[in-house]
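Trainee: I am new to this structure. Can we go through it together, one question at a time?
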Amino acid sequence: MGREETEMFRIVEQFETKGVPESVAAHGNGHINDTCLVVCKTDSGYKKYILQRINHDIFKKPAELMENVVRVTEFLRRKIAEEGGDPERETLRVIPVKGGAPYYQREDGTCWRMYGFIDGASCYDEVKDPQDFYETALAFGHFQKMLSDYPAQTLHETIPDFHNTVSRLAGFRKALVEDAVHRAQEVQEEIRFVLEREKDCHVICDMLAEGKIPFRVTHNDTKLNNIMIDDETGKAICVIDLDTVMPGSALYDYGDAIRFGACTGAEDEKDLSKISCDMELFSVYTKGFIEGCEGSLTETEIKMLPMGAKVITLEQGIRFLTDYLEGDHYYKIRYPEHNLDRCRTQLQMVKDLEEKWELLQKEVERYL
Ligand code: ADP
Ligand code: GN1
Ligand code: MG
């Protein structure tokens, strides 16, 4: 066994797992935390767990983060049981450290947590069947509905101003002025594209501030690979990646799912001719999300759904471009231009949403 592997087993041993750990291997495609699948052997077979190193650079207060996750999952567990569902498969279970703490801080300062593995279900990186996408929309809508009476004031803000598009734009301008790694010159076209859309960055923030749309307890990271789909029934059973559950706007939860799932290409596709908004997927997601929210969305929110998709896609383009200008310290990258490629798909998607604007609006008007 290599040194690194031995260390991973030592970390696993800190937690209240059942059985004896047999393997620890990298797992999933998240951009933020380091995720591993742990398999333990028990008397009756194998038991799987998810072990994650919490990204401490991004989540500065892991204790607060884990307090949110524990409280939210306990709240959801009760709701799911009341509705006759299976809490073991329909929400995350935090596996405590021996002694009861919700995460483990090693001597080197790294922070680790463990979840029960949701078996017999998968996360997708692209939509294979519109019906799957519809099911995820129902589930994300329902997730928000379940949290509608969660005491929002008890939630810690795990990343300040996470979906404050105005402050994202300000952060981008700062990165541009500093130009820390001398990349601004080569991305003039992208910079111009963003700056021409300054007004769009204000729309949702202003509506929230003026009380025209409500703050709700939202997920804030509703991309397709943050929800698990049952391998047998095709139902979206469990919303995962709860690190950013915070007060926010339903428009961003809806929009972020469209940004990623209704896009005809991958988030890092190099061939921009492959990037557009698939209208069938837009349509099924809209239907599913509105149904999943069970009548809780206001008329204004429904009317603004296309704007949610556009603004969050623009915001994501800004975030990728900012990280590129700052030297790639936020998102995991696999090659030097990775963030730039990601930024370009987002801006292409914004362009396509703008071209399809009337179609998008017609689609949501059906629900008014
Ligand atoms: P990140 O914040 O890096 O995106 P996630 O919490 O989304 O991390 O986890 C990364 C991936 O690990 C997910 O997309 C999913 O494939 C897998 N995963 C996470 N939690 C579980 C779980 N409880 N059961 C099964 N798979 C999981
Ligand atoms: C990150 O953690 P992950 O990979 O599910 C990011 C999201 C971005 C997304 C872009 C905490 O999501 O905000 O939309 O990448 N999460 C955080 O793919 O920043
Ligand atoms: Mg994730």
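What follows is a short exchange about the two ligands and the residues around them.

Trainee: Before we start, what kind of model is this, predicted or experimental?
Mentor: Keep the origin of the coordinates in mind throughout. This model is predicted.

Trainee: Which residues come nearest to ligand 2?
Mentor: Start with the shell. Ligand 2 has 17 residues around it. The nearest are His31, Lys223, Glu267, Gln316 and Tyr330.

Trainee: How far is a polar side-chain atom of Lys223 from an oxygen atom of ligand 2?
Mentor: For Asp241, a polar side-chain atom lies 3.0 Å from an oxygen atom of ligand 2. For Glu267, a side-chain N or O atom is 2.7 Å from a ligand 2 oxygen. For Lys223, the distance is 2.6 Å.

Trainee: Which helix gives the largest share of the shell around ligand 2?
Mentor: By class, that shell has seven nonpolar, four polar and six charged residues. Three residues of the shell come from one helix, spanning residues 305-326. That is helix H11.

Trainee: Why does ligand 2 lie between two domains, and which are they?
Mentor: Look at who supplies the shell. Two domains both give residues to the shell around ligand 2, so ligand 2 lies between them. They are domain 1 (3-115) and domain 2 (130-365).

Trainee: Now ligand 1. Which residues are closest to ligand 1?
Mentor: Again, begin with the shell. There are 20 residues surrounding ligand 1. The closest are Asn33, Gln52, Ile118, Asn225 and Asp241.

Trainee: How far is a backbone N or O atom of Asn225 from an oxygen atom of ligand 1?
Mentor: Side chains also make polar contacts here. A polar side-chain atom of Gln52 is 2.9 Å from a ligand 1 oxygen. In the side chain of Asn226, an N or O atom is 3.0 Å from an oxygen of ligand 1. For the backbone of Asn225, the distance is 2.8 Å.

Trainee: Which strands each supply at least two residues of the shell around ligand 1?
Mentor: That shell divides into nine nonpolar, ten polar and one charged residue. The strands span 45-54 and 111-116. They are strand E3 and strand E6.

Trainee: In which pocket does ligand 1 sit?
Mentor: Ligand 2 sits in the largest pocket. For ligand 1, the answer is also the largest pocket.

Conventions: Residues are numbered from 1 along each chain as its sequence is written. Chains are lettered from A and ligands numbered from 1 in the order in which they are written. This is a predicted model: local features need pLDDT of at least 70, side-chain atom pairs count only at pLDDT 80 or more; totals for chains, interfaces and linings use all residues. Side-chain values use heavy atoms; hydrogens and water are left out. A residue is near a molecule or strand if one of its heavy atoms lies within 4 Å of it. A polar contact is a pair of N or O atoms within 3.5 Å; within protein, one must be able to donate a hydrogen and the other to accept it, and residues adjacent in sequence count only if both atoms are side-chain atoms. On a 1 Å grid over the protein atoms alone, a cavity is a set of points where a 1.4 Å probe fits but cannot get out, and a pocket is an open set with protein on both sides within 12 Å along at least five of seven lines; lining residues have an atom within 4 Å of a point. A molecule sits in a cavity or pocket if more than half of its atoms lie within 2 Å of its grid points. Helices (H or I, at least four residues) and strands (E, at least two) are DSSP runs, numbered from the N terminus. Ala, Val, Leu, Ile, Met, Phe, Trp, Tyr, Cys and Pro count as nonpolar, Asp, Glu, Lys and Arg as charged, and the others, Gly among them, as polar. Domain bounds come from an automatic or database domain assignment.
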